[in-house]
Amino acid sequence: MGRKHKRYAPQPYESARGTGDTCAQIYESMLTHPAFLRLTYRQRFLYVVCKAQLYGRRKPRDTEGYKEIPELYGDEVFFFGADDAAKYGLSTESNHRDFYRDMRALIDAGFIDKLVEGSRGRWRAVYRLSSRWQQPP
């Protein structure tokens, strides 16, 4: 019989919601890596938000419209759109240009891969976390 794992209870300075809140681990080796340091502060924050989506939101493969896409069955897959970016303060409702530019920078730097193109109001884009950032330029 397996052991029951006790859920981590965040400290008051870590979370406004306590147990059950989503967190995203970022390791020291990534924080000090030249590829990560080349990103702007806003791009770094976008990466952290994307990583939190991976752990805290329903996976796109569970959504009816995405069931026919086999690439979506990995654990490192998440979906994110311009409306999500506005929710986290990464863009405004009327101007998503900065968000798209920052996401493109994360893709080009090798932190994220885009799997499915989104459509405003209908579909969110589907992304996958990537380890390409570790490879030399």
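The protein has 5 helices and 3 strands. Both are DSSP runs numbered from the N terminus: helices are H or I with at least four residues, strands are E with at least two. Along the sequence the order is α-α-α-β-α-α-β-β.

This is a predicted model, in which local features need pLDDT of at least 70, side-chain atom pairs count only at pLDDT 80 or more, and totals for chains, interfaces and linings use all residues. Residues are numbered from 1 along each chain as its sequence is written, and side-chain values use heavy atoms, leaving out hydrogens and water.

Of the 137 residues, 37% are buried, meaning under 20% relative accessible area with a 1.4 Å probe, protein chains only. The protein exposes about 9400 Å² (Shrake-Rupley method, 1.4 Å probe). Carbon and sulfur atoms supply 50% of that area.

A nonpolar core is a set of buried Ala, Val, Leu, Ile, Met, Phe, Trp, Tyr and Cys residues joined through side-chain atoms within 4.5 Å. The largest one holds 24 residues. Phe80, Met103, Phe111 and Ile112 touch the most other members.

H3 gives the most, with 5 residues. Met103 touches Leu46, Cys50, Phe80, Ile112 and Tyr127, not counting residues up to four places away in sequence. A second, separate core has 5 residues, including Leu72, Val77, Val116 and Val126.

Contact means heavy atoms within 4.5 Å. Among contacts between residues at least 6 apart in sequence, 52% join residues at least 24 apart.

Definitions and conventions
Buried means under 20% relative accessible area, exposed over 50%, partly exposed in between (1.4 Å probe, protein chains only).
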